[in-house]
Amino acid sequence: MLKAEVFFRAGCLAAVAACLIAGVAACGSGDKPAGAAATEASGTAHKRSRSVAAKAGEEDLPEMVAAVSSSKAGPPVELRFALPSRPEVGQVMDLDVAVVPRAPVPESLSVSFQVTDGLDIVDGSQLERIDKLVDGAPIRHVVKILPKRDGIFALTAVVSFAMANQDWSRTFSIPVIAGEGLPEQVAKGP
């Protein structure tokens, strides 16, 4: 049983690392292919001013990072997230979330958010059931989180949906790096 828990935790850390790498790679490129983003003048990407920040829950969908799902199944839901800045220990901050229904569109959905030790959810742990979904129309939600210490944490989103008179769920993982991340890794360097 202990070996299974060790492999599970290692798998979770690998998923968090993969999401972080994907998030960094996706920064500023939107949904464009890598070649198209590279050929744009670097000034064009910086013309989008961050001085006028989007209100909580209104981040542009292409600017958000896709959350990692443990399921190999694709549709019918996608989950994207955005953090306006790096979370600081002891400071509450908003995590913007968008749940995007995809075809075949579920009849309804709800989301439950959970965190690991070291991170608290102050507000927004539930997105109540939503009916009458539209393909590609994002459902916005804000989760207020409070990091309790430096580290890399996972916020888990369980999306439950009804389709063809059956209940389904899909689990997504959102990495949260608080403060210095893992201090022992920072001290060692590359």
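Strands β3 (residues 77–82) and β4 (residues 93–101) run antiparallel and are joined by six bridges. Strands here are DSSP runs of E with at least two residues, numbered from the N terminus, and two strands pair if DSSP finds at least two bridges between them. This is a predicted model, in which local features need pLDDT of at least 70, side-chain atom pairs count only at pLDDT 80 or more, and totals for chains, interfaces and linings use all residues. Residues are numbered from 1 along each chain as its sequence is written, and side-chain values use heavy atoms, with hydrogens and water left out.

**The nonpolar cores**

- A nonpolar core is a set of buried Ala, Val, Leu, Ile, Met, Phe, Trp, Tyr and Cys residues joined through side-chain atoms within 4.5 Å.
- The largest nonpolar core has 27 residues, and those touching the most other members are Leu79, Val99, Leu109, Val111 and Val159.
- Two or more residues each come from β3, β4, β5 (108–115), β8 (139–147), β9 (151–163) and β10 (166–178).
- The most, five residues, come from β9.
- Apart from this core lies another, of five residues, including Met64, Ala82, Ala98 and Val100.

**Two residues to look at**

- Leaving aside neighbours within four places in sequence, Val159 is in contact with Val77, Leu79, Val99, Ser110, Val111, Trp168, Ser169, Arg170 and Phe172; contact means heavy atoms within 4.5 Å.
- Ser108 has its place in strand β5 and is buried, with a relative accessible area of 7%.
- Not counting residues up to four places away in sequence, Ser108 touches Arg129, Ile130, Asp131, Leu133, Ser160, Phe161 and Ala162.

Note on methods
Buried < 20%, exposed > 50% of the residue type's maximum accessible area, 1.4 Å probe, protein only. Helix = DSSP H or I, 4+ residues; strand = E, 2+ residues; numbered from the N terminus.
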